[in-house]
Amino acid sequence: MSLLKIEDIHVFYGAIHAIKGISFEVNEDEIVTLIGANGAGKSTTLNTIAGLLKPRSGKITFDGIDLGSVPASKVVSKGMALCPEGRRIFQQMTVRENLEMGGFTRDKAEIPASLDEMFQRFPRLKEREKQIAGTLSGGEQQMLAMARALMSRPKLLMLDEPSMGLAPILVEQIFDIIKELHGSGTTILLVEQNAQMALSVADRAYVLETGKISMEGPADELLHNDAVRKAYLGS
Amino acid sequence: MISFLSHLVNGISLGSVYAIIALGYSMVYGIAKMLNFAHGDVIMVGAYITFCATQYWGLPPVVSVLAAMLVCTVLGVVIERLAYKPLRAATSLAVLITAIGMSYFLQNAAQLIWGANPKSFPSVITLPTLSLMGGQLLISGETMVTVLANVIIMIVLTIFTSKTKMGRAMRAVSEDKGAAELMGINVNATISLTFAIGSALAAVAGVLLCSAYPALMPTTGSMPGIKAFTAAVFGGIGSIPGALVGGLLLGVIEILGKAYISMELGDAFVFAVLIIVLLVKPTGLLGKKVHEKV
């Protein structure tokens with residue numbers, strides 16, 4: 001069953017036509033990835049779904065709700081969380097405060113249990129609980145950003161470039177976490193420049209090229225597709 | 001020695017008023033990343049409302065001050081909605097010019113309503129003067145209330161921003177509006193709240209200022225507003241303790257400068273401080289480093 005459905009959305013930055021009519025869907029319990037080069041419109045797509053940008057036309061349906069008139073600040077309570085590009089954690093707040101901000105829309109009484117859950121999943125964050133988030137390492141900041149997004153208990157977690165700027169060993173770790181999250185029932189929409197990693201964890205994939213979807217299919221099929229290998233996997 | 005102490009007390013008293021005004025500048029800058037140059041004129045409106053409430057409507061002092069706070073809160077929120085919100089995506093220069101325009105608008109509206117002649121502001125503070133050191137050092141009731149009000153406001157605001165949900169939302173918005181929105185924080189409501197708090201504090205500052213310096217006219221808020229802006233920059237704009245430190249230091253520098261160096265050049269010292277801070281430490285004494293995104 002489709003959890004998220006995007007129908008022919010067009011997004012503009014001023015006069016620049018960034019997303020030129022794309023349609024795709026994410027089914028429940030899937031990992032779907034959008035891959036593509038820098039500037040293809042991957043982040044723009046996620047930011048539009050999250051409500052930070054408004055499409056000029058087209059329709060976004062999430063969990064049966066038309067998101068057209070829902071402001072960004074109300075999207076999270078519908079069950080969707082975006083872990084944005086560049087992490088964008090609150091640098092001057094503590095790790096714990098960041099996590100609490102993630103649960104902003106939830107009942108106060110439910111927060112401690114979710115905090116425990118996050119600390120269990122990310123033990124590093126427990127060690128750094130009282131530390132100012134800006135002092136964390138890149139990998140820790142990425143984990144914090146993911147944990148912060150999970151604090152809202154999303155049905156759909158959108159991850160924008162979670163491997164960006166991380167050492168290979170940390171990239172492996174982040175992808176292990178993505179697999180775990182998927183295993184525990186979270187649907188994931190993943191945007192990545194690291195197409196190799198993204199395709200290896202995903203069920204299905206869409207290839208974005210200058211604001212349009214140029215290819216789509218099962219991830220392992222695209223992983224072995226010559227055109228994709230040439231353009232995005234460097235072989 | 002006694003005269004130095006008494007100048008120091010006056011400096012701290014004036015500095016406390018600057019600190020309360022500077023808070024409004026600093027909080028609004030922190031959240032909306034704009035300099036609200038109409039803030040000083042909200043002080044003047046607060047003082048006029050208090051004046052009218054005590055003199056014409058016969059309200060008791062405390063009720064008068066609360067009425068002034070209420071009016072200024074509404075005024076601050078309305079100014080933001082009408083003048084600044086439509087410019088959220090505009091260049092900072094456009095917002096700055098609009099703020100200066102709003103400042104003149106308020107001054108001229110006040111002149112239309114209350115006239116240009118100074119009104120003698122009756123002190124709403126009835127505390128007796130404290131006499132120390134055998135009557136050589138006198139601390140007025142106004143001074144005590146001003147310093148106390150400053151301390152209470154700082155403590156309450158610090159607790160508010162660190163412990164409450166709305167206060168934390170304000171900090172989140174000041175760091176990253178987009179990320180705050182992703183958390184489910186209503187950014188527009190948070191900005192309105194910040195203007196509301198800043199403007200309510202401006203009303204308090206107006207009453208305290210005019211209780212100590214009782215000539216009230218449409219331009220009354222202008223100079224203290226600019227000086228408090230200097231204090232906010234001095235302490236580090238965007239920072240609550242910065243507003244406190246900047247305000248107090250500036251008040252003391254102004255009064256001591258006037259007392260010992262030159263009465264006429266008092267204001268010049270204040271602005272010399274601004275120039276020196278901008279040259280030596282542009283982020284101010286307690287200013288936050290600007291994070292460069294990699």
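Predicted model: local features only at pLDDT ≥ 70, side-chain atom pairs only at ≥ 80, totals over all residues.
Residues are numbered from 1 along each chain as its sequence is written, with chains lettered from A and ligands numbered from 1 in the order in which they are written.

**The sheet of chain A**

- An open sheet of mixed pairing is formed in chain A by six strands in the order 6-7-8-3-9-10, where helices (H or I, at least four residues) and strands (E, at least two) are DSSP runs numbered from the N terminus, and two strands pair if DSSP finds at least two bridges between them.
- Strand 6 (80-83) and strand 10 (212-218) of chain A each have a single partner strand, so one side of each is left without a neighbour in the sheet.
- Neighbouring strands of this sheet are turned by 15° against each other on average, direction ignored, the axes being lines fitted to C-alpha atoms (for helices over the stretch in contact) and angles running from 0 to 180 degrees between N-to-C directions.
- Strand 3 (residues 31-36) and strand 9 (residues 204-209) of chain A pair in the parallel sense over five bridges, and A:G36 has A:L208 in strand 9 as its bridge partner.
- Helix 6 (residues 138-150) of chain A packs on the sheet, where it touches strand 6 and strand 7 (156-160) of chain A, contact meaning that the C-beta atoms of two residues, placed from the backbone, lie within 7 Å.

**Helix 3 against helix 6 in chain A**

- These two helices of chain A pack at an angle of about 35°, with their axes 7 Å apart.
- A:V95, A:N98, A:L99, A:M101 and A:G102 in helix 3 meet A:L144, A:A147, A:R148 and A:A149 in helix 6.

**Helix 4 of chain B**

- Helix 4 (residues 92-114) of chain B has 23 residues and reaches 33 Å from its first C-alpha to its last, close to the 33 Å expected at 1.5 Å a residue, the expected span being 1.5 Å times one less than the number of residues.
- B:G115, whose phi is positive, near 80°, follows helix 4 of chain B.

**Contact between the chains**

- In the contact between the chains, 20 residues of chain A meet 17 residues of chain B.
- On the side of chain A that touches chain B, helix 2 (72-75) and helix 3 (95-102) of chain A are the elements that give two or more residues, and helix 3 gives the most, with three residues.
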